[in-house]
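Please open the model in your viewer and keep the selection tool at hand. The tour below goes from stop to stop, saying what to select and what is there.

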Amino acid sequence: MTKHKGFPGRFAGSDFQFVIRRANAKGVTPLKRLERYADRKTLDKRVDAAFLAALWEHFGAEPFERGNLDAGRISWLFGREVVPAEEPFDPANYEALLRIDVAKAQVSFPEIFAEEEPLEEDEDDWPDADEEEDW
């Protein structure tokens, strides 16, 4: 099982885990699409957004191996923002390749993909050299 070094272990200040420490001795937990109902808690939505942001920062649009990523956390995004990157796809395999469906992810979580606007300097904000300022 590939361990994704540098990937956050959990959602900060909570018990929502993003990765697992070791392979499941009882067998690989299969990925499955979990329904996200409209009445989900705000915290659950924030955790999904944070996990997808971590995936985007770590892997971008490139395919990635499931490895030690938590099956339960992936399953909240699976089939929508995170999709299989290979056919045939084995949902119960740590070596299965996944990828972010960028178009769907941008619709579901636009805040992750919003580009920061560059700061523009306004000439009116800076005093002229010949103007005196009162300090």
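A patch is made of residues with over 30% relative accessible area and no salt bridge, where like charges are joined within 9 Å and nonpolar side chains (Val, Leu, Ile, Met, Phe, Trp, Tyr) within 5 Å. This is a predicted model, in which local features need pLDDT of at least 70 and side-chain atom pairs count only at pLDDT 80 or more, while totals for chains, interfaces and linings use all residues. Residues are numbered from 1 along each chain as its sequence is written, and side-chain values use heavy atoms, with hydrogens and water left out.

Begin by selecting Lys3, Lys5, Arg21 and Arg22, which form a positive surface patch. Arg22 lies in the segment before helix H1 (42-59), and it counts as exposed because its relative accessibility is 61%, the cut-offs being over 50% for exposed, under 20% for buried and partly exposed in between.

Next, select Phe7, Leu52, Leu55, Phe64, Leu69, Ile74 and Leu98, which touch the most other members among the 27 residues of the largest nonpolar core, a core being a set of buried Ala, Val, Leu, Ile, Met, Phe, Trp, Tyr and Cys residues joined through side-chain atoms within 4.5 Å. H1 gives the largest share of this core, 7 residues.

Finish at Pro88, in the loop between strand S2 (82-84) and S3, where the peptide bond from Glu87 to Pro88 is cis, with omega near -5°.

Notes. Areas by Shrake-Rupley, 256 points an atom, 1.4 Å probe, with all protein chains shown as cover. Salt bridge = Lys/Arg side-chain N within 4 Å of Asp/Glu carboxyl O. Lys, Arg positive; Asp, Glu negative; His and termini not counted. Charge placed at Lys NZ, Arg CZ, Asp CG, Glu CD. Helix = DSSP H or I, 4+ residues; strand = E, 2+ residues; numbered from the N terminus. Buried < 20%, exposed > 50% of the residue type's maximum accessible area, 1.4 Å probe, protein only.
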